[in-house]
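Me: I'm new to reading protein models. Could you walk me through one, a feature at a time?

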Amino acid sequence: MSSREDGRDTVREFRDAVNMNPGELDKWLASDDSKAAGWRKGRGESVGHESGRRIVDLLRKRTNQFTERDLAHMRKVIGYVRRHMAQRPAGDVRNTRWRFSLMNWGHDPMKAPLPAVGGPSRKAQQRHRAAERSSGRNRR
């Protein structure tokens, strides 16, 4: 696989993993719940909160502007989101540190589920569902 294809795959998986838009994520990162969630290297900002600020910048960039460093951070985000989604706690997760930590990384688990690795993207799934609904209407 070429590095160009690898970059496209990384961007696609990143956009699937990050289901918050830049405005939503910016607003979330300003909240007290966001600032309280996550692991800190020292007394400063949590690792996830710092990543969230970087994710906002990435979401505002055009695809042709991504650097190798950007792609590396995207892969880090994809890995984090996938690992933590696999550790979903039982019960209502609405007000949990688990959810808040994921949201710092740009993924709100209360939204649509994370697509399977190597499967169709979130956008492709949405297009497919829309096509099914429209063809169902045409049959009536």
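**Starting from one loop**

Reply: Let's begin with Pro-89, which sits in the loop between H5 and H6. Helices (H or I, at least four residues) and strands (E, at least two) are DSSP runs, numbered from the N terminus. This is a predicted model, where local features need pLDDT of at least 70, side-chain atom pairs count only at pLDDT 80 or more, and totals for chains, interfaces and linings use all residues. Residues are numbered from 1 along each chain as its sequence is written, and side-chain values use heavy atoms, with hydrogens and water left out.

Me: Why does Pro-89 count as partly exposed?

Reply: Buried means under 20% relative accessible area, exposed over 50%, and partly exposed in between (1.4 Å probe, protein chains only). Pro-89 has 30% relative accessibility, so it counts as partly exposed.

Me: How many helices and strands are there in the protein chain?

Reply: You'll find 7 helices and 0 strands.

Me: Which residues have the most contacts inside the largest nonpolar core?

Reply: A nonpolar core is a set of buried Ala, Val, Leu, Ile, Met, Phe, Trp, Tyr and Cys residues joined through side-chain atoms within 4.5 Å. Here the largest one has 27 residues, and Phe-14, Leu-25, Trp-28, Met-74, Val-77 and Val-81 have the most contacts inside it. H5 gives the most to this core, with 7 residues.

Me: What is Val-77 in contact with, leaving aside its neighbours within four places in sequence?

Reply: Contact means heavy atoms within 4.5 Å. With those neighbours left aside, Val-77 is in contact with Phe-14, Val-18, Ser-51, Ile-55 and Trp-105.
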